[in-house]
Structures are given as structure tokens and as C-alpha cells.
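Me: I'm new to this one and would like to learn how to read it. Could you walk me through it step by step?
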Amino acid sequence: MEKCIYIVLFLLGSLGLGSCEDDCSAVAEGDNQKNVIQLSIVGMQDVQVRGIASEWQNEISFYTLFVYRGDNLKSTPVYYQDGNSRAILGNSTASPLLKFTDDFTPQTNDRVYVLLNASVGNSSISEEDLQKAKVSPIQGLSDSGNFYMCFSGSLVWKENASNLCVMDRRMAAVRVNLSSGINKTINKIVCYNEPRYISLFNGDDIYTEVGELSYAYTLSSLGISSAETLISEYRCSDHTAMSGGKTLQETVFSPQRMGVIIIVEDNVTNKEEYYRLDFYDKVAGKYIDVKHGCRYTFNISSVRSDGYSYVEDAVNMPGSNLEYTVSVDNSWTGVYEYNGQYQMNFSRGAVELLSEISDPVSLVNVDLYNNDSDEALLDKLIFRSIRVVQPDKETTMPTSNLQLWRYDEKIENVIKVDNNYAYNDNRSQRIDWLSGDIYSWKFYCTTGKGFDGGYLEVKMGNMTRYIPISEIGTSNVLDEEGTSNCYIVSPYAGKYSFDATVMGVGVRGIIDVGTFRDADDNLLTQAGGAEIHPKSAKLIWQDMEGLITQVAFNSTTNRVEFVKGTGSGNALIAVYDDNDPNAENAKCLWSWHIWCTEQPEEQKYVIPTNDRTYSGKQYYVLDRNLGATSVQTNSIKSVGLHYQWGRKDPMIGKVSLTEGKDALVYNVRDKQIELENVVMNPNVSGLQYAIQNPEKFIECILHGSMEDRYNDTWIPYSEELYNLWGVPVQDYKVEAVKTIYDPCPLGYMVPQTDFAASFYKSGVGSELDNLYYDSSMSYENNMGYCFYYDAERRKKAYYPATSAKVVKNTFYFLTDGYYWTSCPQKWATPSNDGSMAWAECLMFTSSEIELSAYTGSWDAAQSVRCVRE
């Protein structure tokens, strides 16, 4: 653990200095917020001029920034700017300001990328390529021969708001300490076989080793017994040897693996010696990964023998002639307070929140650490307090504005902190969870309508820290062109909102034929409307941790608002009739699928010209399954979600292509949860039950039995239900209508039976010889087919093997594909002339494909490929 961390801003112009405010929210007077980015460099204490720099590797020498607009990731930036640090204005905090020049001001939803001490060398680079960009560490070479730390950050621009860009360190630091009894002086640190490139963002890293010594000089301010340098990220588990492509075992030494060579001078003989140090965890017995943003400290306690006279010998031998330990410190990734005896670490330096959050969301994590010598008796530290205060830092905030919660390890859930204030002094009050040997806390919060900001006040002994809490500004509107049960959201972080009072597509989705009902089992009509009146909202599940971090119902605008983190995935958000969505009697009124992916492309399927009669419709089909975040072959990300026929809400997909279990899901606090599975009850199950319980997979009764009228369905059977997805009869030539239960995003719907007819050469036969597909791509290797859909048979659509789910946590037919259509099928048998709940689907195996000739039972959860309305 590091006692103190400094960040230095290297300025070529003058920079005024002042005191550092704990809230890290100061802004230089007169700066126009319309064209200013506030850079947040976590762990930075003071912005200092180069002359008093205390850590050379955190100086800022130059910057580049890019601004992108629109949804096309392949487009070039609408604005580019670079230069030295004159454009960066210091304010004596961890948040210097970067001003746009040329009177340029970004627009709301523009995406801004900032690089410090790094340049991609191309001002016209596409956003897609920038995300994958890698640079050489040599770009950050300073005048003294040391490296500058490379930083990167991005944000989605908001007009009339403070635009904060959190900068991420893209390199790691290595520090070597000699104990006082070792009579040697460190001259240099050398990193051997270091990766050649630094990944600027989160693209796939290519670990191309330099294969040579990378010299870095000692940091003189650390003294003769300590030295520090910067290195690239390095993953031992991904590393292969340079010669022969041999994969290295993580438990076995190899000179090909990256290591640290220290060059020391013996204080008696004045002889220069070489020692090798490895990133090796002695307890786990394996070599560890080197991750960006972390400092790796080698503490050498004793020297067993003299070092090598030649560097090559040191490279080829493990560091067995030294006694040392390696510790990893990631305090750079958080904010901290240190008084020389102990340290408080915080997961976040500032928090932005939505108003009217009803389901507790993460606020901040607090950790208490000892100093490097373990001198402080932390369990004897008596006074500790946690409080939420108003902007004046004096008045405790009313719980109606913000309610503080804490995580309780015993019950594995969150608990309210009474009156937003808890303190322990072992005299007037003792609180077990805040005293003794408890050193870590996770705090959460809900917010009210009157919330407008304040601080989380944390006091430990003689240290106090204020974490600023503010309200998030304007949001990106998802329903500007209309409402739907699914909204496509960019993989980038941002705040979004949609109308929470309209069910699905609204009244146009209530068709005359059949039955449509709401959560209260009311029969819906176009005259009666499709409105609901919720009081709260919450996230039901998400398939990626941190995908959705906050959800709220804005009672003023009647909109669901949510904050999305960075990443692709899926989530389900619901609204309720109670102010507390977690109340025992709270009823779910409606729910929406949030599909976080790049904007899918449309593929124009050619109208079939074979010998079968089709509807003659022109289908424009999305390039991926509903819920899929990729179109890559042989990838679980291309499978997407699964749907029971006629239901609007998705069921979670399988965990992998070859394992038929449910994928993991999480709540808004990133706790893994298990989705419930129920058996259809003819006295309870119905449309209203499915609406109230959107996350539940509803099994049929006695699946496969012809004797039970309710078999093969999640709902008591009725022919009135044939229109759930817009086709009331078994005829694909009937014009389909998008209903309020359609699961597709705005402008798209579940396809009719003949949507994939262009794949067939002839209308008869399901053999592969009768299909237009890329036969050069092995079905087994690609786990699906790439079908030709254009007249020239050049353009391909990938359809992965998706499996089908009929019982809890089990997918069947793992190597087969099942895709729903909107067309029901009236199924009768000689022994039983009763109608059964079946619908037509696209089905394929490694040897055949069936379209319309194959049917699936309503209870089976299958994939959906949406088509344009």
C-alpha cells in the first residue's frame, strides 16, 4: 500500500497554485462550461508545475482529443485537437480543465475521447479503431529519459452541465525497495521482454513482446534504496514465448516471461551487479498478471549472494538469490486520505445520482488500511462516523431527499442507516458494524423527489473526507420516435429515459381480433387506451455487472430514467404500483428490455423465386438475434435472449454455446441473483400473471401429454391468444400487426413464417442441397449457418445454433437452432381433435433446415430475429 500518491501536471505555461479542497469540485473562475472538460485524475493531490514535481511518471506533457457524433462507429471525428499542456488549466485539485479551441462546443450526446501523453498519429481515425488503438510506451519518453504515464478517458457530452472525464492510467508502475540492512545502491531498473504496446482503451490486447531490455532510470527522490519505473500491462496467462510460439505455464519459470532486472552497485566493492525479480505469487505458486493502473512493489529483505556480472545471466536465472515479496496496490483507482498512520480509501471521488431512486444503488465503498509498517492498532480506533450532509456540510440530509443504506454481510442484503447518521465512540454509542476489526463498508442509497445534492461525510479518528453527491443532468430520450417493449442503447455510458405510462407500442398494438389484457387483468381496447400509472421503477436483472447502475421513476415527467455503464449486454427494467418496488405487495405494471449493443444493421432479404407460393413481402431483417451483442460466428454473444411464444419479456440465454445452463444475471447492486421458475397454474396463470412476473419462466403442465388441455403452453389455452404476436390465423399471407406484446425494438416486429424463404432454392425439401448457404464454413466450427440472402448470393446472414429451453436452467438441443415466427398453428390429431398451443418456427440442425413445416410449443423459449414493420 502506498502512503501517498501525487500527480504532477507538466505545464509549459504558468500555473497558479492554491489549496486542495476535499470535495474535488472546484472550477476555475471565468471558465466557460460550454467548451470545457473537467479531467478527473484519481489519486491526484495537487496540480504542480514541473519544477516541484515529486513523481516524474505522472507529469502531463501533451494531449490529444477526439469528438465523434452519430451512431456510426466507423465515421471520422467531427473535431480533433492536440497540443502541449498550455490548454490545460489547473485549479489545484485532482480535476484540471481542458478547453476546446477554435470556439468549438460539442453537442449533447457527442462522444469525447481524451488522451494524455499518448497519440495515435491519425487525426482522422474512426471511433471503432480508436477504441482498439495501441501505442508504444516510447511516446511518453520525457527529457530525462523516463516515461510519462499514458492516460485515456471518454465521456458522453451534456450541454449546460459539468462534463467530467475520468482519466484511466494505461500503464503499471514498478517500485523496488531494498531493506536498510542491504549494503547496495540501486542504479537502474530494467524491464525485460516487456509488451511492445499499450492498449489505450479496452480493445483486445496483443501481447507482442519487445524481446530486449527496456531501460528506465532510478527516481532520485526515492533515495538510493528505492527506484521506480513504468511498464506496459502484461498477462502471464496469455503470454507465449517468442521462439516457437510455446505457451508458458503460469507455475513454471521461463526467461521468456517478462521480468524486472535491477542494476545495483555494491557499496563496498563499487561493483555493478544484476538481479532478476519476477512477478511471482509465492502463496499461490504462480506468476501473476501485471495490470494497468496498479503499482507493483518488490520489497527485498535480504541478499543471499552477489548479483550477476552480466545482464544475460540475470535474465536467464530466476531471482532465487534474493529474498523478496511482491505486493500489488491499486489505490490509484480510488480516492484516499492518509495521515501517516492509517489510510482511508474510497471507491469513488464524486457521485452523480438520479432523483427518485427506489431500489438502493451503489454510493461508495470505504476501506480502512494500516500504514506500510502496520504500526496503527486499527481495531482500537474508536471514533468512526458516517453521515449524509447538506451542501453546507453541517446539516444532516433528510431521508426524504436521500436515504443511506449499508451492506450487511450476515444477511447478504442492504439495510437502512437510521436518520442518515451512524457514529461509534464506545462511550455514548457503540455500533458493531462500525467498530472493532471492521475495516470495509459498502454504502448504497435511494433518493427522493427533493434530492439536489450534498456530501457523504466519513470520519475515522482524526481524518475527515467529504465525497460530493450531485444530481445527474439531462438524459438521452429513447422514445422520441415512438414507444416499444425494447429499446436499443449504445454500448457507451450515459443517462437515458423513456415514457413509463405507455404499454408497448400503445393503442395501435391492441388489435380487434383476440384478447389483450393488462397487469390487473383488464380487457384492453383501443378506445380504453394503453396507459398505466406507475409510482416506482427498478432493474429486475442484467446479464453483465455494472451494465445498468441506477434506475428511477421520475414522477414529474412520468418517465423511467436509468444510468448505463460502459459495455454491451441486456437488462430488464420494470415499473410498479407502489412507491417501494420491493414492497411485498408491489405489483409490476409493465417492463422493458434494454438492449445494449451497437446499432444492428438491416439486411434486405430477396423475395423468393422458387416454386413455392409465398406472401411476396419484402423483408428487412436485423443482422443479429434479439438480445445478441455480436454477429461473430461461434460466439455466445451472437445467440441473444430467448422468448416463450407470445410473451413480450426475454428469458436469459444460455451460459455458453456448449453448456445448456442459464447465463448469470445480477441486480442493480451487481449481486448475482437467480431467476424464478414456476409451473403454469390454470387457475392463476394468464396474461396478467406474465406481465406481473416478467422474469419468471413459466413451464407447462405435463409437457408432452396429449391428455391435458394445458400442455405445451405457459398460459391456459384459447384460440383468442393466437394474435399475441399479431397474426390471428395460421396464414403468413395475412398482414401482420405489431402488438403491445411484441418484444422487438421500435420499428421492428416478430417475423412471419416466410421471412427466411429466400434461403431455399426450391420450396420443397429441407436438405442442405436445397439451401443457399456458405458450405465452406463448417457448421460445427461456426455453430450455425451463414445463409445467403441476396439475389447474387454474396451477402450472408449468420444464424447461430441457439437451442431451446423448456424447463428451468436447461437448454436442449445445444447444436440446433430455433427461431420463432409470429404465426400460430392450429394442431389437431386423429385421437384428439382439440386445439393445442403451437406456433411455426425456423428450425435447423447440422443436416437440415425446416421453415413452417416445423412447429414449437408455446412454452419453449426460443430465439427471435426481428424484421422491419
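Me: How many helices and strands are there in the chain?
Reply: The chain has four helices and 56 strands. Both are DSSP runs numbered from the N terminus, with at least four residues (H or I) for a helix and at least two (E) for a strand. This is a predicted model, where local features need pLDDT of at least 70, side-chain atom pairs count only at pLDDT 80 or more, and totals for chains, interfaces and linings use all residues. Residues are numbered from 1 along each chain as its sequence is written, and side-chain values use heavy atoms, leaving out hydrogens and water.

Me: How do strands form a sheet, and what is the order of strands in the open sheet of five?
Reply: In general, strands of a sheet pair through backbone hydrogen bonds, either parallel or antiparallel. Two strands pair if DSSP finds at least two bridges between them. Here the order is β23-β31-β30-β25-β28, with mixed pairing. β23 (351-353) and β28 (421-424) are the edge strands, each pairing on one side only.

Me: How many bridges join β30 to β31?
Reply: Seven, and the two strands, residues 454-460 and 463-471, run antiparallel. Lysine 459 stands opposite threonine 464 in β31.

Me: Is valine 864 buried or exposed?
Reply: Buried means under 20% relative accessible area, exposed over 50%, and partly exposed in between (1.4 Å probe, protein chains only). Valine 864 has a relative accessible area of 0%, so it is buried. Its place is in the loop between β55 (861-862) and β56 (867-868).

Me: Which residues is valine 864 in contact with, beyond its neighbours within four places in sequence?
Reply: Contact means heavy atoms within 4.5 Å. Valine 864 has contacts that include Tyr643, Trp725, Val750 and Trp820.
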